[in-house]
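This briefing concerns the structure displayed below. Please keep the sequence and the model in view while reading.

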Amino acid sequence: MFIMSNSIPFCKEVDSAFFKIVDRLAPDVWSEADVDFSNVRLSAGNAADYGRDRASYKNGIVSFPTSNRHSCFVEKSGEYVPRVSVDDACGVLWHELGHHVIAESKNVPWSAIRAGQSTHSEPGWCWVVGTAWKHFHPNWEGSPEIMAQMYLESRKGVGVPSFAKVLSSFHGPGRPPEIKLCTMLSRSCDYCGKEFYPERKTAKFCSNKCRVAQHRAK
Ligand SMILES: [Zn+2]
Ligand SMILES: [Zn+2]
């Protein structure tokens, strides 16, 4: 990784945190994808085409705009310092590196995953997010395939309404899954057989009606 020749450098803490992520952590987390991270470049500044997002990724370059109210960095004493925190900026970097993985993978381990078609729902993105969560939260019971499945379910309008949002807002290891996928996998009702999304892990019936009906039947 290297930082593009800006007249203004990142402050020291950001610099070392970013180098650690790009050179060591990300290649480890996504090793299966076989991606070259050595060509990643980072850039920050007020160039007009940086847009209004927190950051963007294109052709190996992660760009951080510094002029909008969502920006990760502000200029202070001749350096770019985090507007919120180093962790916040690192989270955004993780997200953008996910796009690098999808763009540069030589191994494409997500080829069998069936998911959506837009940037933050495509098979590659489900894999990138699922793999990273699994790496940093070994007890998480999900998988890239489950994430993709949940995304498709959310498109059908059944349950998991926030899932697409969770996928698109993936911000690295600092933010574990906000939804408990394990409790949201569908199962069939013990009484009527209908598929439903249990709110609790132990739920057996799709509705109160079925729970009571089963109780009466006994
Ligand atoms: Zn993105
Ligand atoms: Zn039922």
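The model is predicted: local features need pLDDT of at least 70, side-chain atom pairs count only at pLDDT 80 or more, and totals for chains, interfaces and linings use all residues. Residues are numbered from 1 along each chain as its sequence is written, while chains are lettered from A and ligands numbered from 1 in the order in which they are written.

**Overall make-up**

- The chain contains seven helices and eight strands; helices (H or I, at least four residues) and strands (E, at least two) are DSSP runs, numbered from the N terminus.
- Among the 218 residues of the chain, 33% are classed as buried. A residue is buried if 20 or more other C-beta atoms lie within 10 Å of its own, exposed if 12 or fewer, and partly exposed in between, with C-beta atoms placed from the backbone.
- Of the contacts in the chain with a separation of 6 or more, 48% join residues 24 or more positions apart. Two residues are in contact if their C-beta atoms, placed from the backbone, lie within 7 Å.

**Nonpolar core**

- The largest nonpolar core comprises 45 residues, and I21, L93, C126, V128 and V129 have the most contacts inside it. Such a core is a set of buried Ala, Val, Leu, Ile, Met, Phe, Trp, Tyr and Cys residues joined through C-beta atoms within 7 Å.
- At least two residues of this core come from each of α1 (12-29), β2 (41-45), β4 (61-65), α2 (86-104), α3 and α4.
- Helix α2 gives the most to this core, namely eight residues.
- In soluble globular proteins, nonpolar side chains tend to be buried together.

**Packing of α1 with α2**

- The axes of α1 and α2 come within 10 Å and cross at roughly 35°. Axes are lines fitted to C-alpha atoms, for helices over the stretch in contact, and angles run from 0 to 180 degrees between N-to-C directions.
- The crossing of α1 with α2 is right-handed; a crossing is left-handed if the near helix is turned anticlockwise from the far one by less than a right angle, and right-handed if clockwise.
- On the α1 side the contact involves E13, V14, A17, F18, I21, V22 and A26, which meet V86, A89, C90, L93, W94 and L97 of α2.
- The residues of this contact of α1 with α2 comprise twelve nonpolar, no polar and one charged. Ala, Val, Leu, Ile, Met, Phe, Trp, Tyr, Cys and Pro count as nonpolar, Asp, Glu, Lys and Arg as charged, and the others, Gly among them, as polar.

**Packing of α2 with α3**

- Helices α2 and α3 pack at an angle of about 130°, their axes being 10 Å apart.
- Helix α2 is therefore oblique to α3; angles under 35 degrees count as roughly parallel, over 145 as roughly antiparallel, 65 to 115 as roughly perpendicular and the rest as oblique.
- Here too a right-handed crossing is found, with α2 passing α3.
- G98, V101 and I102 of α2 form the contact with G124, W125, V128 and V129 of α3.
- By class, the contact of α2 with α3 holds five nonpolar, two polar and no charged residues.

**Packing of α3 with α4**

- Helix α3 (residues 123-136) and helix α4 (residues 144-155) have axes that come within 8 Å and cross at roughly 130°, and are therefore oblique to each other.
- Helix α3 passes α4 in a right-handed crossing.
- P123, C126, W127, V129, G130 and T131 of α3 meet P144, M147, A148 and Y151 of α4.
- These residues of the contact of α3 with α4 divide into eight nonpolar, two polar and no charged.

**Individual residues**

- F73 belongs to strand β5 (residues 73-76) and counts as buried, with 25 C-beta neighbours inside 10 Å.
- Apart from neighbours within four places in sequence, F73 is in contact with A44, F64, T66, Y80, V81, P82, R83 and A89.
- L152 lies in helix α4 and is partly exposed, with 17 other C-beta atoms within 10 Å.
- D34, in the loop between α1 and β2, has a positive phi of about 50° although it is not a glycine.
- V108, in the loop between α2 and α3, has a positive phi of about 45° and is likewise not a glycine.
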